[in-house]
Amino acid sequence: TNETIIGIYHSHPDTAAIPSLHDRENAAHGNFLWIIASVFPQKIMDIRCYVTSREGSGFLEAPLEIIT
C-alpha cells in the first residue's frame, strides 16, 4: 500500500502532555509526530503535538489544530 506512518498518539494519565523520559529515550527521530493527551480522572485536559528533531536532540512542540 501507499500508506505511511507519520506519527503516533498516546495518553499520559494524571500528568502533563509533554514528552516523558520514556518518550525521549524511545523516540524515533526525523520529523516523526507525537500527539500526547493529558488525561485526569477520565477527562482530557490538554492535547499537544511534538515533532522529533532530525539531529536526535529531542522534541519540538508543533502546531496542532483540532477540528470537530
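Begin by selecting V51 and L60: V51 stands opposite L60 in β4. The model is predicted, so local features need pLDDT of at least 70 and side-chain atom pairs count only at pLDDT 80 or more, while totals for chains, interfaces and linings use all residues. Residues are numbered from 1 along each chain as its sequence is written, and side-chain values use heavy atoms, leaving out hydrogens and water.

Next, select β3 (residues 43-52) and strand β4 (residues 59-62). They pair in the antiparallel sense over four bridges; strands are DSSP runs of E, at least two residues, numbered from the N terminus, and two strands pair if DSSP finds at least two bridges between them.

Move to the turn of the β2-β3 hairpin, where two residues lie between the strands and Q42 has a positive phi of about 65°.

Now select F59. Its contacts (heavy atoms within 4.5 Å) include W34, Y50 and V51, not counting residues up to four places away in sequence. F59 also belongs to the largest nonpolar core, together with A17, A27, F32, W34, I36 and Y50. Such a core is a set of buried Ala, Val, Leu, Ile, Met, Phe, Trp, Tyr and Cys residues joined through side-chain atoms within 4.5 Å, where buried means under 20% relative accessible area (1.4 Å probe, protein chains only).

Finally, select I47 in β3. I47 has a relative accessible area of 31%.

Methods: Buried < 20%, exposed > 50% of the residue type's maximum accessible area, 1.4 Å probe, protein only.
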